[in-house]
Amino acid sequence: MIGALLLGFVAGVIGRALVPNDVLAGMSGPKSWLASLALGLAGAVVGWLIFTGLLGIGDTDVFDWGGILSALIGVVIVLLVAGAVARRGRGGTHGPATT
């Protein structure tokens with residue numbers, strides 16, 4: 001359990017450093033730490049699903065330190081998707097114009 005939390009936190013912090021201007025960029029303090037932890041855990045699951053589930057690479061343990069690279073890739077994917085969704089929600093149009 002502690003290993004999973006550490007893996008999630010490390011992957012989240014490194015992933016947020018790799019993706020500039022991420023969705024969580026304005027956070028600081030404990031909120032930022034918790035966001036990095038949740039992001040890292042979600043990224044570890046996404047990375048595990050991609051590499052073990054789809055490609056058949058790796059072992060069956062989701063939160064294994066051997067999977068730090070797949071967790072980082074998962075974090076980057078989660079951040080990019082979340083950023084695209086957030087941008088679409090803020091600045092997108094809501095249907096065709098009727099004029």
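Modeller: The protein has 3 helices and 0 strands. This is a predicted model. From the N terminus on, the elements run α-α-α. Of the 99 residues, 26% are buried.

Now the core. In soluble globular proteins, nonpolar side chains tend to be buried together. Here the largest nonpolar core has 9 residues. They are Leu 7, Ala 11, Val 19, Leu 39, Ala 44, Ala 71, Leu 72, Val 75 and Leu 79. Helix 3 gives the largest share, 4 residues.

Start with one core member, Leu 7. Set aside its neighbours within four places in sequence. Leu 7 is then in contact with Ala 44, Phe 63, Asp 64, Trp 65 and Ile 68. Ala 44 is itself listed in the core.

Contacts across the sequence show up in the whole protein too. Take contacts between residues at least 6 apart in sequence: 68% of them join residues at least 24 apart.

Next, helix 2, which spans residues 30–54 and includes Ser 32. Ser 32 counts as buried because its relative accessible area is 12%, and the cut-off is under 20%.

Finally, look outside. Leu 69, Ile 73, Ile 77, Val 81 and Val 85 form a nonpolar patch on the surface. Together they have about 430 Å² of accessible area. Val 81 is found in helix 3. The protein's accessible surface comes to about 6,500 Å², and 71% of that belongs to carbon and sulfur atoms.

Notes. Residues are numbered from 1 along each chain as its sequence is written. This is a predicted model: local features need pLDDT of at least 70, side-chain atom pairs count only at pLDDT 80 or more; totals for chains, interfaces and linings use all residues. Side-chain values use heavy atoms; hydrogens and water are left out. Helices (H or I, at least four residues) and strands (E, at least two) are DSSP runs, numbered from the N terminus. Buried means under 20% relative accessible area, exposed over 50%, partly exposed in between (1.4 Å probe, protein chains only). A nonpolar core is a set of buried Ala, Val, Leu, Ile, Met, Phe, Trp, Tyr and Cys residues joined through side-chain atoms within 4.5 Å. Contact means heavy atoms within 4.5 Å. Patches are made of residues with over 30% relative accessible area and no salt bridge: like charges are joined within 9 Å, nonpolar side chains (Val, Leu, Ile, Met, Phe, Trp, Tyr) within 5 Å. Accessible areas come from the Shrake-Rupley method with a 1.4 Å probe; for residues, only the protein chains shown count as cover. A salt bridge is a side-chain nitrogen of Lys or Arg within 4 Å of a carboxyl oxygen of Asp or Glu.
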